[in-house]
Amino acid sequence: MPDLMHHILDAASVAAPQWLSERQNAGRRAWAASAMPTRKTEAWKYTSLHRLDADFAVAQPSVASQAELGFEHPALGGSKLVFVDGYLRADLSCLALPEGVELIRFADADAAQARQISQQLGSVADPSGHLFASFSDAALQDGIFLNVAADTVVAEPIHLVWLTSSREVAFTVNQRLLVVLGANSRASLVEQFDSVGSGTAFTNGITELVLEAGAHLLHHRLHLEAGAAMHIGGVHARLGRDSHLESFHLALGSDLKRIDVVVNHAGPGAHSSLNGIYLLRGAEHVDYHTCIEHAVPHCTSDETFRGVIGDSATAVFNGRIHIHPDAQKTRAQLNNRNLLTSAHATINTKPELEIYADDVQCAHGATVAQLDPLMLHYMKTRGIGAEEAQTLLSFGFINEVVNTIRIDALRDFLRPLLARRFASDPTLTRHLA
Amino acid sequence: MLKIDNLHVRVDGKDILKGLTLHIGAGEVHAIMGPNGSGKSTLGHVLAGRPGYTVTAGTVEFLGQDIFALATEERAHLGLFLAYQYPVEIPGVSNMEFLKAAVDTMHEKRGEPALDTVSFMKLARETCKRVDLDQAFLKRGVNEGFSGGEKKRNELLQMMMLQPRLAIMDETDSGLDIDALQVVAAGVNSMRSSDRSFVLVTHYQRLLDYIEPDFVHVLAAGRIAKSGDKSLALELEDKGYAWLEDEVA
């Protein structure tokens with residue numbers, strides 16, 4: 001049994017409702033039975049977990065004020081839940097919920113709600129297939145269940161902010177979100193992860209999305225954590241008949257990020273589109289593992305991820321498409337493009353196709369390139385300096401993916417934030433803000 | 001304005017320009033004609049400092065400065081502009097961002113006050129009208145998916161916004177229909193002034209019906225084979241280039 005983070009496992013057993021402690025026990029058994037992944041484990045070949053060898057404490061509630069925390073977030077106009085170090089901060093949140101939307105903390109769930117949560121939780125993020133989903137279960141003390149009633153149309157985005165603060169000791173946060181969209185409901189959701197300060201923190205974040213028949217979700221998962229704020233986690237979605245998921249992903253680099261995005265097309269006619277960006281510099285590391293499961297016929301999936309990797313950073317992109325024998329008439333598309341802006345930057349990109357049905361259309365491609373010298377030269381002939389030209393070109397490379405964001409306020413928030421990643425000198429991004 | 005003396009240029013291990021000498025005074029319009037492969041485009045590219053173009057001999061002075069001692073962007077700051085024969089597509093970078101970055105830098109380098117966003121937008125839209133380019137093109141990626149004619153008009157748009165001292169127009173007329181050709185000519189003519197010079201690199205006499213050059217040169221085998229006034233262009237139209245190539249050889 002891996003001895004990792006024993007504090008968390010010890011703490012988790014304290015005073016949880018019975019249904020939660022049962023789940024913890026099951027999680028612990030699964031965690032104990034698993035070997036810690038090494039570089040020889042295929043799914044972890046390019047991502048080392050040695051940074052998790054530190055002695056992590058359990059996060060304590062923070063009382064820091066908004067000014068002290070000083071994080072940036074887009075004004076999206078709807079409900080906003082702010083968690084600091086895993087604890088909901090009502091004082092920083094806007095808790096009014098639109099009609100038809102229920103938000104239940106696992107720890108507060110009544111018997112009926114607990115039954116509902118138990119039924120769905122872990123049915124999408126399978127702890128037996130995802131080690132850190134079992135760790136999430138093992139440490140499960142609380143979580144958020146967001147339930148959108150059938151036929152509800154939620155106009156404003158629901159905004160969830162998970163912030164890790166900076167402390168003297170390394171600590172860990174277990175974030176768990178379960179979202180159920182009832183039949184024919186529509187909603188948009190922004191999950192934003194961010195960090196303040198330079199302390200060491202590790203978030204294990206698992207989100208499960210259940211879209212019932214005809215439901216429509218615009219989902220965004222933004223990983224803005226920096227420095228020693230590490231994250232391992234993922235988004236696991238199950239799509240019912242004729243449901244529609246658009247999921248946008250962003251990861252700025254930090255010491256360690258590993259995000260699994262798993263989309264199960266479980267009902268005929270379901271569609272998913274995944275768009276993602278990762279931007280790394282310094283010695284940062286980001287690993288995206290995406291897996292698109294087509295289990296039933298007549299589903300479509302589109303996936304586009306782009307990365308810009310600078311300095312001596314390393315990125316991993318593993319894009320799997322699995323088309324099961326019954327999934328006839330599937331159309332699946334996967335594209336991953338990478339821009340290396342330094343000779344020491346690394347990308348390991350691998351499309352993985354497993355196709356067991358014969359009447360399908362499936363396209364995939366992965367490219368790795370450097371800044372185009374002719375484009376740079378053209379810009380210089382117009383007087384634009386070399387550094388600004390590089391900044392414009394690097395931003396241009398991801399701009400098409402940024403433009404897929406349908407929420408204007410979110411796009412306007414991200415554009416200057418992303419542009420700044422390409423240049424230390426703000427004058428170089430003055431034309432991108 | 002520009003003094004090119006005995007210029008030799010090598011590209012991909014091949015000598016393309018072999019002792020080219022050309023002097024251009026302020027306010028003058030020079031047309032350079034010549035057969036394919038004679039080095040017409042090479043001249044523009046080497047003046048703009050394109051990587052891969054090696055100067056093996058000769059000197060070029062632009063406004064009194066040794067051009068080869070300057071980086072590409074410094075040449076632009078000094079007032080050199082190359083309108084590309086094949087403008088480069090830059091997906092993801094909008095034409096507007098690109099123009100603003102270029103115009104702001106130019107103003108800064110010339111010590112002029114920066115244009116505020118509103119004035120800049122107004123200028124960009126007015127200039128679009130002058131080159132008959134729909135304003136929607138300002139929002140698109142630089143040259144991305146533009147037709148040949150749209151790309152040429154976009155080059156003209158950039159030239160008008162950047163107000164260079166010397167513009168080298170590399171086959172700006174090729175691939176243009178007669179209406180577009182007139183738009184380009186009107187644009188160039190409107191910019192002619194006593195302190196701005198033009199080099200029109202072209203295959204055909206047609207452009208010179210609309211932009212009257214002060215001098216016409218024929219480039220053959222990497223050198224100026226013959227110079228004259230605009231009547232030389234008509235003679236070339238009539239007789240072709242073969243007789244000149246024979247003369248140089």
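This is a predicted model: local features need pLDDT of at least 70, side-chain atom pairs count only at pLDDT 80 or more; totals for chains, interfaces and linings use all residues.
Biologist: How many residues does the contact take from chain B and from chain A?

Modeller: Contact means heavy atoms within 4.5 Å, and here 34 residues of chain B and 22 residues of chain A take part. Buried area is the accessible area (1.4 Å probe) that two parts lose on being put together, summed over both; between chain B and chain A it is about 2,200 Å², with carbon and sulfur atoms giving 62%. E73(B), V88(B) and E97(B) supply 23% of the area that chain B buries against chain A, more than any other three residues.

Biologist: Which side chains meet in a salt bridge?

Modeller: A salt bridge is a side-chain nitrogen of Lys or Arg within 4 Å of a carboxyl oxygen of Asp or Glu. The count between chain B and chain A is two, and one of these joins R415(A) to E97(B) at 2.7 Å, N to O.

Biologist: Which residues touch the most other members of the largest nonpolar core?

Modeller: In soluble globular proteins, nonpolar side chains tend to be buried together. A nonpolar core is a set of buried Ala, Val, Leu, Ile, Met, Phe, Trp, Tyr and Cys residues joined through side-chain atoms within 4.5 Å, where buried means under 20% relative accessible area, exposed over 50%, and partly exposed in between (1.4 Å probe, protein chains only). The largest core has 115 residues, of which I398(A), L414(A), L418(A) and L47(B) touch the most other members. Not counting residues up to four places away in sequence, L414(A) touches L222(A), F248(A), L250(A) and I405(A). A second, separate core of 51 residues includes F193(A), L217(A), V286(A) and A315(A).

Biologist: Why does F83(A) count as buried?

Modeller: F83(A) counts as buried because its relative accessibility is 4%. Leaving aside neighbours within four places in sequence, F83(A) is in contact with residues including L88(A), I144(A) and W162(A). The C-alpha atoms of F83(A) and S62(A), which lie 21 residues apart along the chain, are separated by 9.5 Å.

Notes:
Residues are numbered from 1 along each chain as its sequence is written. Chains are lettered from A and ligands numbered from 1 in the order in which they are written. Side-chain values use heavy atoms; hydrogens and water are left out.
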